[in-house]
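Subject: A structure for you to look at

Hi there,

I'm passing on the structure I mentioned, so please open it beside this email. My notes on what turned up in it follow below.

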Amino acid sequence: MNTTPHPDPRDRPARLTVGVVGAGRVGPALAASLQLAGHRPVAASGVSDASRRRAAALLPDVPLVEPAEVLRRAELVLLTVPDDALPGLVAGLAETGAVRPGQLIAHTSGRFGARVLDPATRAGALPLALHPAMTFTGTPVDVQRLAGCSFGVTAPEELRLAAEALVIEMGGEPEWIDEDKRPLYHAALALGANHLVTLVAQSLELLRTAGVGAPDRMLGPLLGAALDNALRSGDAALTGPVARGDAGTVAAHIEELRAHAPATVAGYLAMARATADRALAHGLLRPRLAEDLLAVLAATAEDGGGAGPHEGHGRTEGHGGTEGHGGTEGHGGTEGHGGTDRHDGTEGPEGTEGTAR
């Protein structure tokens, strides 16, 4: 007699029918990846022309229907709508009786964990939070990019293996995120990815203004090396005039930015202060040089450079030579920035598409 215990079906999902609510940039790509693993997409919802084009390209022959009908047809439902739309969508689906007991319902929001699905859970659904840490284009290349992509996974403990199995079947790498750490996890990704796009776009524009004919070709190798060095070495990879304490160069930068791109001054100041703080903390920036540098940044702020005065600038007392660790408390103005609540172009229930991460 074979005494090998049968695996719990929740440990590794069987072949499932898959539905997508919100055919933005994320949902069709994930469904297409699941299709490659043997699952069967059966329905999607989306009302905009862009969502219909994406569904046609990535999920040919999959019908576009109303969200409630998606849930009726699918055993695994992917809710790929903007973060702010997700709680209302879940509550509405649960209130109308669209959720079935035993149905797997997974959302792809970085901000929320599994608790946002509580209305569906009370209706008998099995809740999963599967957030791909990737930017999406809405084209077939997204399916390829999922290979090796990390997913932030949150689910009840009894569904952990099922959630991780689905991620692996999509070619991803599951990374468990505790429920209460989801907002911090998402903020970290927004800080790195969203703001990087803004910085690169500003740099491209400034190089064009400076007369560079191919700024992308100039920046590509530089930014690639900087990213690689940062991922390998962290703060030890810091270079440039701020990390060196070249106050005169930084002052010249600010003067040119004010003349040619005044909208970039506030961001330059915020990043220069943050860079100075980290360089000081890691012994890369000498306190004597930091004094002049921070004085330049403080004077610029007081002259209307885009930020208020900063306590601790121009002094060398405490923590690597600057009182108050460079005076960064409250700097950067990051609250509300990054635009991640649109979750990579996911589409809301009314068809409002988001912006790319």
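Helices α11 and α13 cross in a right-handed way. Please keep in mind that this is a predicted model. You will find α11 at residues 247-260 and α13 at residues 287-302, with their axes 8 Å apart and an angle of about 20° between them. Since angles under 35 degrees count as roughly parallel, α11 is therefore roughly parallel to α13.

Which residues make the contact? From α11 they are A247, V250, A251, I254 and R258, while α13 brings D292, L293, V296, L297 and T300. Sorted by class, this contact has seven nonpolar residues, two charged ones and one polar one.

Next, have a look at the nonpolar cores. The largest has 31 residues, and the ones that touch the most other members are L30, L34, L76, L78, L128, L130 and F151. Several elements give two or more residues to this core: the strands β1 (17-21), β3 (76-79), β4 (104-107), β5 (126-132) and β6 (150-154), along with the helices α1 (27-36) and α7 (160-169). Of these, α1 gives the most, with five residues.

Setting aside neighbours within four places in sequence, L78 is in contact with V18, G19, V20, V21, G27, L30, A31, L34 and A106.

There is also a second, separate core, which has 22 residues, including V77, L89, L93 and F112.

Happy exploring, and do write back with any questions!

Best wishes

Terms used: Residues are numbered from 1 along each chain as its sequence is written. This is a predicted model: local features need pLDDT of at least 70, side-chain atom pairs count only at pLDDT 80 or more; totals for chains, interfaces and linings use all residues. Side-chain values use heavy atoms; hydrogens and water are left out. Axes are lines fitted to C-alpha atoms, for helices over the stretch in contact, and angles run from 0 to 180 degrees between N-to-C directions. Helices (H or I, at least four residues) and strands (E, at least two) are DSSP runs, numbered from the N terminus. Angles under 35 degrees count as roughly parallel, over 145 as roughly antiparallel, 65 to 115 as roughly perpendicular and the rest as oblique. A crossing is left-handed if the near helix is turned anticlockwise from the far one by less than a right angle, and right-handed if clockwise. Contact means heavy atoms within 4.5 Å. Ala, Val, Leu, Ile, Met, Phe, Trp, Tyr, Cys and Pro count as nonpolar, Asp, Glu, Lys and Arg as charged, and the others, Gly among them, as polar. A nonpolar core is a set of buried Ala, Val, Leu, Ile, Met, Phe, Trp, Tyr and Cys residues joined through side-chain atoms within 4.5 Å. Buried means under 20% relative accessible area, exposed over 50%, partly exposed in between (1.4 Å probe, protein chains only).
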